[in-house]
Amino acid sequence: MALGAVAAAIPVAVHFLTRPRPVRMPLSTIRFVREAIREQKARHRLRDFILLALRTVAILLVAMALARPQWGARPLVSDQEAGAAVRVVVVDVSQSMAATQGQLANIERARTAAADYLRYGRDLRANLILAGATPRSVFDGPSTNFGALGEALANCRALPERLNLNRTLEKAATMLAPTGPDDHRRRELVVVSDFQRSGWAAADLSALPADTRIQFVSVAPATPAENLAIVRAELRGRASQERGAQIEVEVGNYTPTTRRVNVEVAVGGATSHLAGVCPPGRRTTLADTIQIPQTGWQTGSVRLVGNEDALAADDVHPLVTDVRPKPRYVLLTREPKERRPSSSHFVECALVPDAALGARASAELVRLDPIVADRESLAPADLLALDHPGKLSEKTIMWIGDLMRRGRPVLYVTAEAADAVNLQRLVDAAGGRARMPVEFSPSQAASPRRDLFLASIERKRPPFNVFGDSAGDVTRNLRFAGGLSSRRTTAGLADDVLATYGDGSACLLLTSFGSSTLAVLNADLG
């Protein structure tokens, strides 16, 4: 460029050096000659200026053609630099790269852009990482096999995955790390992506070597693509055959206008349709209860109906749920079913409240006399409840302990002296290191236990947490009778006691035995 500037001064110098000099001529009168010269000089001055400018521009253009100056920002990664280099090219293959605009997907633009950085170089070693939920590299380290790298790039496709950026950067950092103290090769990282905010908001580049040159290449369209997407779809709570499942679908509207949303839910042979309105740039949640006739693990999908936009992949979201059959409860009691009111009757109403109100039962309850109970009748139970069972036989204790070791929960309502012995035997049969935080024993007082009130409750734990700040108001006027005396022990956890009476005895406790749980309600509900 310096030589071109000097050369551009040559036409100017020639112009001034070759200017015509005035010649003195003897004439009788020069008035008319002066007028002719003045007119001719005005015409020649404009022509000479244009000719001088064209000559100067021509030389400047020749100088620029030889120098090939770089306009704008200079790329950090370029094939024009000399010296050995290690280069890692990261291509985003997450779901957003399947978005299309103008019949061209982002992944197609990415392949074209990445190909410029995977060309053969004499002192260049390179590798390609396809970044999705799990980064996948063509080779374990940088290689000179540019043919294989180009083939892998040509075959890459957008995947239905979310970009795990930091795992990708950690993998790239491993490949760019120097192999030894004498490794002074240039480190280069090229990232080709549409740079979605959700994937890049938490980018951490600290794992890369400090001297790494990082080149970001965006393939996102100039104007954001309009898109309607299912952001989240899930079945809330425990799905059961009787009560169905609560489905929630969150839809995001990434368009400038309000959109009508129609969603079809299909899972386990059941179909439901949800509809709503979503404002521009916002999300809306649609909810409904779907009845699933089949039990066990069921699969399905949530689909946007009548939607055509830039990204079809996010119009469908998979679903999976475990539909439980109607729960089966076994109530061990010596009290007859016909006796009402009775303690076991109130336990039965609590376990299956809808049946007590004359509605369709949401659970199956079987009353068994402990005398006739056997392993086959106890095994199908999802929950074992004991109320006034009397003294349990050694076999019954063994069967219940075996079920507890397999994770079966037990609810015990203590009201009789035999219950204290039964509880201790059950704890021993369940095995494990867990122990109850209290030890129950028959009351030693001459008068029966009456007018017991709750002195303390664990407000933040179930079942009391469902009442929120009003838990104290709900339980303040409750009165209990019967039950057993108890004293604290050092074997169990004090936190397992959820409620205590005014006399210091335990009212409600919940103790874990491995995968099983033992709940004890210390009161005579009759």
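Begin by selecting helix 11 (residues 417-430), which lies across strand 18 (410-414), strand 23 (506-513) and strand 24 (516-522) and runs at about 160° to strand 18. Helices (H or I, at least four residues) and strands (E, at least two) are DSSP runs numbered from the N terminus, while axes are lines fitted to C-alpha atoms, for helices over the stretch in contact, with angles running from 0 to 180 degrees between N-to-C directions.

This is a predicted model, in which local features need pLDDT of at least 70 and side-chain atom pairs count only at pLDDT 80 or more, whereas totals for chains, interfaces and linings use all residues. Residues are numbered from 1 along each chain as its sequence is written, and side-chain values use heavy atoms, with hydrogens and water left out.

Next, colour the 8 strands that form an open sheet in the order 16-15-17-18-24-23-22-20, with mixed pairing; two strands pair if DSSP finds at least two bridges between them. Strand 16 (364-368) and strand 20 (454-457) stand at the edges, each with a single partner strand, so one side of each is left without a neighbour in the sheet. From one strand to the next, the twist averages 15°.

**An arginine in strand 16.** Move to strand 16 and select Arg367, whose side chain makes a polar contact of 3.0 Å with the side chain of Ser344. A polar contact is a pair of N or O atoms within 3.5 Å; within protein, one must be able to donate a hydrogen and the other to accept it, and residues adjacent in sequence count only if both atoms are side-chain atoms. A polar atom of the Arg367 side chain also lies 2.9 Å from the backbone oxygen of Glu335.

**Strands 19 and 21.** Now show strand 19 (residues 438-441), which has a covered face formed by Val438 and Phe440 and an uncovered one formed by Glu439 and Ser441. In a regular strand the side chains alternate between the two faces of the sheet. Strand 19 is joined by 4 bridges to strand 21 (residues 485-488), and the two run antiparallel; the bridge partner of Val438 in strand 21 is Arg488.

**Two loop residues.** In the loop between helix 12 (471-475) and strand 21, select Gly483, which is buried, with a relative accessible area of 11%; buried means under 20%, exposed over 50%, and partly exposed in between (1.4 Å probe, protein chains only). Gly483 and Arg449 are 34 residues apart in sequence, and their C-alpha atoms are 7.3 Å apart in space.

Finish at Thr255, in the loop between strand 9 (244-254) and strand 10 (259-267), which is buried with a relative accessible area of 5%. The side chains of Thr255 and Asn253 are joined by a polar contact of 2.5 Å.

Conventions
Contact means heavy atoms within 4.5 Å.
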